[in-house]
Amino acid sequence: MKYIDEFQNPDLARRLLDDIHSTVTRPWALMEVCGGQTHTIIRHGIDQLLPEPVELIHGPGCPVCVTPLEVIDKAMEIASRPEVIFCSFGDMLRVPGTGRDLFQVRAEGGDVRVVYSPLDALRIARENPDREVVFFGIGFETTAPPNAMTVHQARRLRIRNFSLLVSHVRVPPAIEAIMRSPDCRVQAFLAAGHVCSVMGIGEYPALADRYRVPIVVTGFEPLDILEGVRRTVRQLERGEHTVQNAYSRAVRPEGNPSALAMLEDVFEVTDRAWRGIGVIPDSGWRLSPRYRDYDAEYRFSVTGIHTQEPAECRSGEVLQGLLKPNECEAFGTTCTPRSPLGATMVSSEGACAAYYLYRRLDTTTAPLEGSPVA
Amino acid sequence: MCLAVPGKVMDIELRDGTRMATVDFGGVVKEVCLEYLPDLQVGEYAIVHVGFALQRLDEQSARQTLDLFATLGMLQEEFADPWELAAEAGGAPWPDGSGAPQEVQK
């Protein structure tokens with residue numbers, strides 16, 4: 001596939017790696033803030049091909065993982081109602097809520113459906129005018145425009161039996177929270193490319209300046225990750241801290257103006273709790289008052305939720321980059337993708353799931369054979 | 001969930017007042033909403049996420065990026081000690097018995 005295959009070329013990967021090896025003189029800790037990037041890194045063994053002093057810390061870049069437990073419990077409560085068809089991306093079904101997950105709600109008779117796109121949920125609403133169709137609107141800035149457009153379309157087409165349970169999160173406030181944490185070891189960020197495809201790069205120079213950290217907008221193929229690391233390390237070695245775009249084929253500095261306009265119309269910024277981390281000011285979006293009729297939280301008043309996290313799960317530390325997944329005692333023993341304790345073991349973007357899937361069962365495992373950059 | 005992938009626009013039609021495209025993802029074909037890229041044309045590539053085209057892929061930028069990668073290490077090849085390069089290519093130990101190529105280059 002064009003735009004994928006050529007960015008997995010092993011000869012070019014070797015050139016990038018050689019350049020990084022010849023640049024690095026001392027230890028550096030870089031954080032990627034996107035679960036898609038975490039998977040590329042672990043799948044191709046990129047962290048193990050980098051010079052020893054360069055450490056990749058996996059940040060809170062998995063939207064499924066950071067969706068607060070309270071919202072998951074609300075989703076299950078709404079999905080259990082007989083009049084509701086609850087639509088969600090597949091990743092959310094097995095995320096542990098308090099005592100159960102959406103999959104169990106379905107097994108108990110709830111009408112829970114997996115959709116590829118929020119527009120599929122809108123279609124289901126049109127086809128079932130006597131039912132209430134609720135879409136679970138979670139995700140980062142990449143997913144917010146599709147969900148915003150879907151609510152906008154619902155209003156335009158007067159589809160009144162559709163609503164959105166919203167728990168959107170934004171990357172820049174999370175970067176700020178990480179830099180302010182007293183335990184912070186992060187010296188530079190690989191910014192999530194597709195978030196920037198939508199938002200552009202305007203939010204990042206102030207952060208790079210305030211915390212004196214290089215921020216490099218990075219794509220998702222192996223060569224993209226290596227180029228992100230190469231540019232970051234180069235800046236660190238020179239004592240620079242600028243924002244660079246290493247994913248120019250898909251990121252314009254101004255982002256996508258029509259998506260930004262729609263976000264502005266449909267959502268408003270709000271404080272948001274991140275699962276395992278806590279409340280981060282201004283880090284989320286909720287539906288703006290103009291769209292309140294389409295807000296599932298208002299349509300279905302859900303009360304009496306008492307959340308409880310499993311005591312064994314240390315996903316909060318994993319999400320903050322304080323713990324590698326395979327350093328957790330439950331990893332691969334009491335916690336597996338089949339029987340997950342935390343969301344990081346469930347989602348296709350969770351760091352624990354990536355470590356498990358690519359058999360990173362201990363920290364000394366070599367890269368897998370056949371890895372395109374090995 | 002928030003993975004976005006490149007796809008090629010095969011055809012475009014208006015449905016319920018919304019611009020929709022058929023997009024090919026290397027064999028898998030999906031319906032994609034073009035409202036956020038209203039001027040995207042048949043034959044162009046875009047980053048697609050959960051049924052929405054979010055950004056056009058720029059061929060010239062992609063080419064420049066790959067060209068840059070290809071030039072990395074060229075100065076090294078041009079000016080480095082040919083004996084070292086030959087030894088590195090053949091995986092042989094260094095003549096003076098010192099360790100890895102990276103350490104020698106530093």
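Which residues point one way from β6(A), and which the other way? Select strand β6 (residues 162–169) of chain A to find out. Phe162(A), Leu164(A), Val166(A) and His168(A) point one way. Ser163(A), Leu165(A), Ser167(A) and Val169(A) point the other way. In a regular strand the side chains alternate between the two faces of the sheet.

Before moving on, note that this is a predicted model, in which local features need pLDDT of at least 70, side-chain atom pairs count only at pLDDT 80 or more, and totals for chains, interfaces and linings use all residues. Residues are numbered from 1 along each chain as its sequence is written, while chains are lettered from A and ligands numbered from 1 in the order in which they are written.

**Stop 1: around β6(A)**

Stay on β6(A). 8 of its 8 residues are buried, so the strand is largely enclosed by the rest of the structure. (Buried means 20 or more other C-beta atoms within 10 Å of the residue's own, exposed means 12 or fewer, and partly exposed is in between; C-beta atoms are placed from the backbone.) Helices (H or I, at least four residues) and strands (E, at least two) are DSSP runs, numbered from the N terminus.

Two strands pair if DSSP finds at least two bridges between them. Look for Val133(A), opposite Phe162(A).

**Stop 2: the open sheet of chain A**

Select β2, β1, β7, β8 and β9 of chain A. In that order, these 5 strands form an open sheet with parallel pairing. β2 (54–58) and β9 (243–245) are the edge strands, each pairing on one side only. From one strand to the next, the twist averages 25°.

Zoom in on β8 (residues 215–218) of chain A. 3 bridges join it to β9(A). Ile215(A) stands opposite Val243(A) there.

Two residues are in contact if their C-beta atoms, placed from the backbone, lie within 7 Å.

Next, helix α2 (residues 35–43) of chain A. It lies across β1, β2, β7 and β8, at about 125° to β1(A).

**Stop 3: helix α8 of chain A**

Select residues 144–156 of chain A. This helix, α8, has 13 residues and reaches 18 Å from first C-alpha to last. That is close to the expected 18 Å, which is 1.5 Å times one less than the number of residues. Its buried residues include Pro145(A), Met149(A) and Val151(A). Arg158(A) follows α8(A), with a positive phi near 55°.

**Stop 4**

Switch to chain B. Its elements run β-β-β-β-β-α-α-α-α from the N terminus. Of its 106 residues, 27% count as buried.

Show both chains. The contact takes 33 residues from chain B and 43 from chain A. On the chain B side, α1(B) gives the most, with 6 residues.

**Last stop: the core**

Select Ala75(A), Phe189(A), Ala191(A) and Ala53(B). They have the most contacts inside the largest nonpolar core, which has 143 residues. (A nonpolar core is a set of buried Ala, Val, Leu, Ile, Met, Phe, Trp, Tyr and Cys residues joined through C-beta atoms within 7 Å.) Helix α5 (residues 69–79) of chain A gives the most to this core, with 7 residues. Finish on Ala53(B), which touches Val32(B), Leu34(B) and Tyr36(B), among others.

Definitions and conventions: Axes are lines fitted to C-alpha atoms, for helices over the stretch in contact, and angles run from 0 to 180 degrees between N-to-C directions. Lists of a residue's contacts leave out its neighbours within four places in sequence.
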